[in-house]
Amino acid sequence: LRASHGRQAWSTQRRDRSGWGFTSAMVDPQERVLVAAPGDTRFVQVYALPKRAHELDVGQACLRVVFSPDGKRVATAGEGAVKIWNPFGKRRGPSRLYLPPTWTLEVDGAVVTDVAFAPDGGTCATASSDGALRIWPVERRDGRPHPTHALAFDATPQAVAYSPDGALLAVGDARGRVTWVDTGRPRVVEEQEAHEHGVCRLTF
């Protein structure tokens, strides 16, 4: 990974402490902090570049880790949930960040394969193995959070990305299609055959 001004932030050849690679990694918008999810452990590593600062105990293998647009939150996706964290919280203990996530979005009986924040940071979208795209409020509320909208797909959605203006969501599925969703009143507006195999990541 390289910052926009060319400074190397992370070697793509580097491995985590067990020798496994990372399933997901992202640098915050201010290019000060790197979060990285190792492939075989529940601990997401937080680096105050260039040194590791602490870890987030996500409780399961993490498939995707992303920053919010303002860089103040981190979302981790995995088995049954997306967890939203304050990566700059106070540490409890010698190395790990012993703090609960500030917000947990539960998806019972499914693996969350991807998560994306809307450009305004007020909502996020998740793709999961139960064939659903869900849109969630990000701000914490009383009680268990529920998605504001959900759309069912006939092939497992594997990747999600918001357009820069937040008006559209691109959804990539296991059959290689990209589906465009209008976020104003969530509905499918177009489908495109994109790849022979599944779409794993999307970006604008």
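User: How much space lies in the largest pocket?

Analyst: This is a predicted model, and in it the largest pocket holds about 600 Å³ of space. A volume is best read together with the residues around it, and here the lining of the largest pocket consists of 24 residues, with M26, A116, F117, Y162 and T203 lying nearest the centre.

User: Which strands each supply at least two residues of that lining?

Analyst: Strands β1 (22–27), β5, β8 and β12 (157–162) each supply at least two residues of the lining of the largest pocket, and the largest share, four residues, comes from β5.

User: How do the lining residues divide into nonpolar, polar and charged?

Analyst: The lining of the largest pocket divides into 19 nonpolar residues, three polar ones and two charged ones.

User: Turning to the sheets, in what order do the six strands of the open sheet run?

Analyst: The general idea is that strands of a sheet pair through backbone hydrogen bonds, in either a parallel or an antiparallel arrangement. In this model six strands form an open sheet in the order β5-β6-β8-β9-β10-β11, and their pairing is antiparallel. The edges of this sheet are β5 (62–67) and β11 (149–152), each of which pairs on one side only, and neighbouring strands of the sheet are turned by 30° against each other on average, with direction ignored.

User: Is A77, which is found in strand β6, buried or exposed?

Analyst: The cut-off to keep in mind is that buried means under 20% relative accessible area. A77 lies in strand β6, residues 74–85, and counts as buried because its relative accessible area is 1%. Leaving out residues up to four places away in sequence, A77 touches A61, C62, L63, R64, V82, V112 and V115. As for A116, its C-alpha atom and that of A77 are separated by 9.9 Å, although the two residues are 39 residues apart along the chain.

User: What is the strand order of the open sheet of four strands?

Analyst: That open sheet has the order β12-β13-β14-β15, again with antiparallel pairing. Its edge strands are β12 and β15 (187–193), each pairing on one side only, and the twist from one strand to the next averages 20°. Within this sheet, β14 and β15 pair in the antiparallel sense over six bridges, and V181 stands opposite V188 in β15.

User: Which residues is T179 in contact with, leaving aside its neighbours within four places in sequence?

Analyst: T179 is found in strand β14, residues 177–182, and it counts as buried because its relative accessibility is 1%. With those sequence neighbours left aside, T179 is in contact with F153, L169, A170, V171, V188, E190 and E191. One of these contacts, V188, is also the residue in β15 that V181 stands opposite.

User: Finally, how many residues lie between the strands of the hairpin formed by β3 and β4?

Analyst: The hairpin of β3 and β4 has two residues between its strands. Strand β3, residues 43–48, and strand β4, residues 51–57, run antiparallel and are joined by six bridges, and F43 has D57 as its bridge partner in β4.

Definitions and conventions: Residues are numbered from 1 along each chain as its sequence is written. This is a predicted model: local features need pLDDT of at least 70, side-chain atom pairs count only at pLDDT 80 or more; totals for chains, interfaces and linings use all residues. Side-chain values use heavy atoms; hydrogens and water are left out. Two strands pair if DSSP finds at least two bridges between them. Axes are lines fitted to C-alpha atoms, for helices over the stretch in contact, and angles run from 0 to 180 degrees between N-to-C directions. Buried means under 20% relative accessible area, exposed over 50%, partly exposed in between (1.4 Å probe, protein chains only). Contact means heavy atoms within 4.5 Å. On a 1 Å grid over the protein atoms alone, a cavity is a set of points where a 1.4 Å probe fits but cannot get out, and a pocket is an open set with protein on both sides within 12 Å along at least five of seven lines; lining residues have an atom within 4 Å of a point. Grid points are joined across faces, edges and corners, and a volume is the space filled by probe spheres set on the points. Ala, Val, Leu, Ile, Met, Phe, Trp, Tyr, Cys and Pro count as nonpolar, Asp, Glu, Lys and Arg as charged, and the others, Gly among them, as polar.
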